Amino acid sequence: MATPIGNLADVTDRARAILGSVSVVACEDTRTTGALLSRIGLHRPLVSYHEHNEQEMASKLADRLVAGESIAIATDAGTPAISDPGFRLVRECRRRGLPVVPVPGASAPVTVLSASGLPTNAFLFAGFLPAKSAARRAFLEKHRDSDYSVCLFESTHRIAKFADEIVDVLGADRVVCIAKEVTKLHEIFLVGPA
C-alpha cells in the first residue's frame, strides 16, 4: 500500500481503511509506520519487513496469509516494490496463487516528473544507480540520446558528484530537475541546465 512520500496528510482514505482492517502491517521501519498510524489514529501490530530480511520474511508472511491473516505492506515513503521492499512478497504471493491488492497513492518519480517541466509522454525510472562512478557514467552514456525523461534516485551524499558526472557525460546544457523534500515544508525543485 502506498504511503505519503513526505506530507502525512497525503494518506488516502482507502489506505486508512485498509490499515484499520488488516491483522498486521509489514513495514520497512516500524518507527516510521508507527508514526503514520498514530497520526491517523490507528494502532495495528507491526512487523519489520525491509531490504535486509525481505527474502526470509516473504515466505513467512505468505504463510501467515495462507493461515488467514490479512497483511498490508507499507514502506517508509511511496509505493512498496518500487525501489522499496515488497517485490519478493508480491512474487511469493503470486507463486502461491494468493491475492495481491494494490493500494495506489504517492509515487516519488511520478510526483517529481509531474512538476518538473520535463517531457512526460515517456520516461524511464531506474531507481538508484550503482555507487561506483564508472557504472553511473555507463548508464548516462547508454541513455544520452534518449527521447524520454530519465528518473533516478540518488543519495544526498553522492548528489554533488553525480551532478558533475551528468555535466561531464550529458553536457552542461542538458536540462535536469533535482527535487528534495517533495511535498514537505522545505520542498526544493531545481530545474534548468545541468
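Contact, in this notebook, means heavy atoms within 4.5 Å. I'm working on a predicted model, where local features need pLDDT of at least 70, side-chain atom pairs count only at pLDDT 80 or more, and totals for chains, interfaces and linings use all residues. Residues are numbered from 1 along each chain as its sequence is written, and side-chain values use heavy atoms, with hydrogens and water left out.

**Entry 1: Ala172**

I looked up what Ala172 touches. Leaving out residues up to four places away in sequence, Ala172 is in contact with Val167, Pro193 and Ala194. Its place is in the loop between H7 and strand E6 (175-180). Helices (H or I, at least four residues) and strands (E, at least two) are DSSP runs, numbered from the N terminus. Ala172 has a relative accessible area of 44%, so I filed it as partly exposed. For that label, buried means under 20% relative accessible area, exposed over 50%, and partly exposed in between (1.4 Å probe, protein chains only). I also checked Leu190: it sits 18 residues from Ala172 in sequence and 15 Å away in space, C-alpha to C-alpha.

**Entry 2: the whole chain**

I found seven helices and seven strands. Along the sequence they come in the pattern α-β-α-β-α-β-α-α-β-α-β-α-β-β. The C-alpha trace spans about 55 × 35 × 30 Å along its principal axes. Of the 194 residues, 34% count as buried. Among contacts between residues at least 6 apart in sequence, 62% join residues at least 24 apart.

**Entry 3: helix H6**

Which residues of H6 (133-142) are buried? I got Arg136, Phe139 and Leu140.

Rolling a probe the size of a water molecule over the atoms shows where empty space is left. On a 1 Å grid over the protein atoms alone, a pocket is an open set of points where a 1.4 Å probe fits, with protein on both sides within 12 Å along at least five of seven lines; lining residues have an atom within 4 Å of a point. The second largest pocket holds about 550 Å³ of space, counted as the space filled by probe spheres set on the points. It is lined by 23 residues, and the closest to its centre are Ile71, Ile73, Val100, Val101 and Pro102. Helix H1 (13-21), strand E3 (71-74) and helix H4 (87-96) are the elements that give two or more residues to this lining.

**Entry 4: the loop between E3 and H4**

Is Thr75 buried or exposed? Thr75, in the loop between E3 and H4, counts as buried because its relative accessibility is 2%. Not counting residues up to four places away in sequence, Thr75 touches Thr3, Glu28, Pro80, Asp84 and Pro85.

Ser83 lies in the loop between E3 and H4 too. Its relative accessibility is 34%, so Ser83 counts as partly exposed. I jotted down its phi, near 60°, a positive value in a residue other than glycine.

**Entry 5: Thr183**

Most residues other than glycine have a negative phi. Thr183 has a positive phi of about 75° although it is not a glycine. I located Thr183 in the loop between E6 and strand E7 (188-193), partly exposed at 21% relative accessibility.
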